[in-house]
Amino acid sequence: MAYDRLHDTGKLGERKSLIGRRKLGELLVETGLLSDARLSEALEAQRGTGKRLGQVLMEHHFLTEEEIAFALAMQLKIPFVDLRDQEIHNEIVETIPEEVCRKFLCIPINRNNNVLHVSMADPLDLNMIKELQFITGFNIQPAISTPSQILDRVQQYHHPEKSIDEVTDEFGSEELLEFSPGEKEAEEEEEEFDKFQDSPFVKMVDLIIKNAIKKGASDVHVEAQENNVRVRNRIDGVLQETIKLPKWTQPIIISRIKVLGGMNIAERRLPQDGRIKVRSRNFTADLRVSTLPTFYGEKAVIRILNKEEAFLSLDQLGFAKKNLGIVKNFARQPQGMILITGPTGSGKTSTLYACMREIRSDEVNIVTVEDPVEYELAGINQVQINEKVGLTFPFILRSILRQDPNVIMVGEIRDEETAELALQASLTGHLVLSTLHTSDAPTAVTRLIDIGMPPFLIASSLIGVVAQRLVRVICPKCKEEYVPNPELLARLSMREEDLPFKFFHGTGCSHCDHTGFKGRTAIEEIMIMGHKMRELVQAQATADTLREAAMATGMSTLGMSGLRKIRMGITTIEEVLRAVHQKEELTTICPGCGKAVSLDFRDCPFCEQPIVPTCSSCSRIVQPEWVVCPYCRNDLKP
């Protein structure tokens, strides 16, 4: 590369001395590219304008910018760098701020130890070089490039955006989407937007939504930044940037989304919500739209409600065979309460709908209370919360009880009144399904007590609790075996020298957009409210006591479920550790029988082999590598 041929830093002082004595005009005359007469004419035209001499020479067509750059490079004995073919790493470009690059017409191209190689349009500017040294903290080694190439590369790195026409050309001959707003827009607002109806922005919003649906995204974020508009898709629970658009497009795109969602495009100071129905030849989807005023302008988030997820059965959720049978047994109970717990985005709603699909029939009356209704299920009576007119969870629940229901689904238990009505309904001959935001299954009981529910009511009505998370599935197209790094293995109390099974990860391919993952599956823990558990709940036992009792009666934790998925080659250690709570990380594999056990246990409950090595003399914990106990000097060699 050009910068590899730069002179060593020992000659920089000599070059600075040359730069300090010589001027651009003199150097160009010496090379024969410019005559004295044309130099005088250019200097006369430059006087009083504040323009650089090189700019004046190009404006008068005396020289091209390439000729000026080549002449300087030969005369100053520094390389000319063609930035069109130059590879520049991101961490190098970031050493000099964008505004400084534009001010001095320069761009960093490489770094060797304490020397930063910078390609610049005017290496004769000694003050610029000193300022760059002050800003970066590196010694500056100059190279030469043309101003247009420098500005193009700065723009390409800091604002990698396409024009609207370039982006919409990706549509080709594909059909556009058909949108149906949730509410009718006022005529004057429609007229205000009429001028954009034939513009590329209609296609642009179509492209953003269609691309997100095609890739299986759950959310689309259209975010106003300082210098651009960033569009990101949440795919398999992780945000991925898809495109950057010019800053000036932001209000037009947001207005288009507002019109589709039936919102007020004139109101930019307050958050708004809307709904859109999307139809195409191949699919239909419901979209929930939310706007939020931010510092750099309005942001829009589009939630894509994929109806295919509503039609998942319990068998398709990814539960272990044993746990799947338990959940199906829960759903067949004539009365009682089933709770699904987990953070936002853990698949609770999909599990609720799968349970309702399991028990849906002509003989069963199922009524739901949701905020909002996410998926439309045939044969089920769905009611949406509307607090503006007084349709709250408690109000609707009281009305539902007079509608002769067999099964009641409450979208979320948020307060004492809703919890009390749901628990009482489960005691009076109804099966109640609902969700809570808790980290694990035992904590759901203590959360209900904290809300204000009497322990006897919880113990009498609760059938069981399902806690779950979603982890990404390794892409089957690029899946390969590997050995995790020692830090990850240490979190599972494993060593690289003694791995109990094979580990896999995805290397990234076109099938998975080079993420290494394709799709998600559930990891779960299910707590059954048996006789012993009901006694502990009535005695107001702590969550830790409930957890120990549940594990003693057969509950496998989220960590154990995740470890099972790792062992089966379905997901990775990183995914499980990212998904589960810190407490559930304390899970390992017994070296004797290969079963997942909690690190709270000193011995494996299945085969009695020690999980945590201890000294046979003083019973204190020791390390596997130790040959002698440091506490009692007992010999630890076998």
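This text walks through a predicted model of a protein, from its overall make-up to individual residues.

The protein contains 25 helices and 21 strands. Of its 638 residues, 49% are buried. Among contacts with a separation of 6 or more, 62% join residues 24 or more positions apart. The accessible surface of the protein is about 31,700 Å², and carbon and sulfur atoms account for 48% of that area.

Two packed helices are described by the angle between their axes and the distance between the axes. Here the axes of helix 2 (residues 24-31) and helix 5 (residues 65-76) come within 10 Å and cross at roughly 85°. Angles of 65 to 115 degrees count as roughly perpendicular, so helix 2 is roughly perpendicular to helix 5. Helix 2 contributes Leu-24, Leu-27, Leu-28, Glu-30 and Thr-31 to the contact, and these meet Ile-68, Ala-71, Leu-72, Gln-75 and Leu-76 of helix 5. Sorted by class, the residues in this contact are 7 nonpolar, 2 polar and 1 charged.

Strands of a sheet pair through backbone hydrogen bonds, either parallel or antiparallel. Strand 1 and strand 2 (residues 115-120) are paired in the antiparallel sense, over 6 bridges, and Asn-112 stands opposite Val-115 of strand 2.

Another antiparallel pair is formed by strand 6 (residues 228-235) and strand 7 (residues 238-246), joined over 8 bridges. The two strands form a hairpin with 2 residues between them. Ile-235 stands opposite Val-238 of strand 7, and in the turn Asp-236 has a positive phi of about 55°.

Thr-351 lies in helix 16 (residues 348-359). Its relative accessibility is 2%, and because buried means under 20%, Thr-351 counts as buried. Leaving aside residues up to four places away in sequence, Thr-351 touches Leu-314, Leu-317, Phe-319, Ile-340 and Gln-468. In helix 19 (residues 441-451), 8 of the 11 residues are buried, so this helix is largely enclosed by the rest of the structure. The buried residues of helix 19 are Ala-441, Pro-442, Thr-443, Ala-444, Val-445, Thr-446, Leu-448 and Ile-451. Just after helix 19 comes Gly-452, with a positive phi of about 125°.

Positive phi values also occur in residues other than glycine. One is His-514, with phi near 60°, in the loop between strand 18 (503-506) and strand 19 (517-528). His-514 has a relative accessible area of 62% and is therefore exposed, the cut-off being over 50%. Another is Gln-540, with phi near 55°. The loop that holds Gln-540 runs between helix 22 (531-538) and helix 23 (543-552). With a relative accessible area of 52%, Gln-540 is exposed.

Definitions and conventions
Residues numbered from 1 in each chain as written. Predicted model: local features only at pLDDT ≥ 70, side-chain atom pairs only at ≥ 80, totals over all residues. Heavy atoms only, no water. Axes fitted to C-alpha atoms, helices over the stretch in contact; angles between N-to-C directions. Helix = DSSP H or I, 4+ residues; strand = E, 2+ residues; numbered from the N terminus. Parallel < 35°, antiparallel > 145°, perpendicular 65-115°, else oblique. Contact = heavy atoms within 4.5 Å. Nonpolar A, V, L, I, M, F, W, Y, C, P; charged D, E, K, R; others polar. Buried < 20%, exposed > 50% of the residue type's maximum accessible area, 1.4 Å probe, protein only. Areas by Shrake-Rupley, 256 points an atom, 1.4 Å probe, with all protein chains shown as cover. Pairing = 2+ DSSP bridges.
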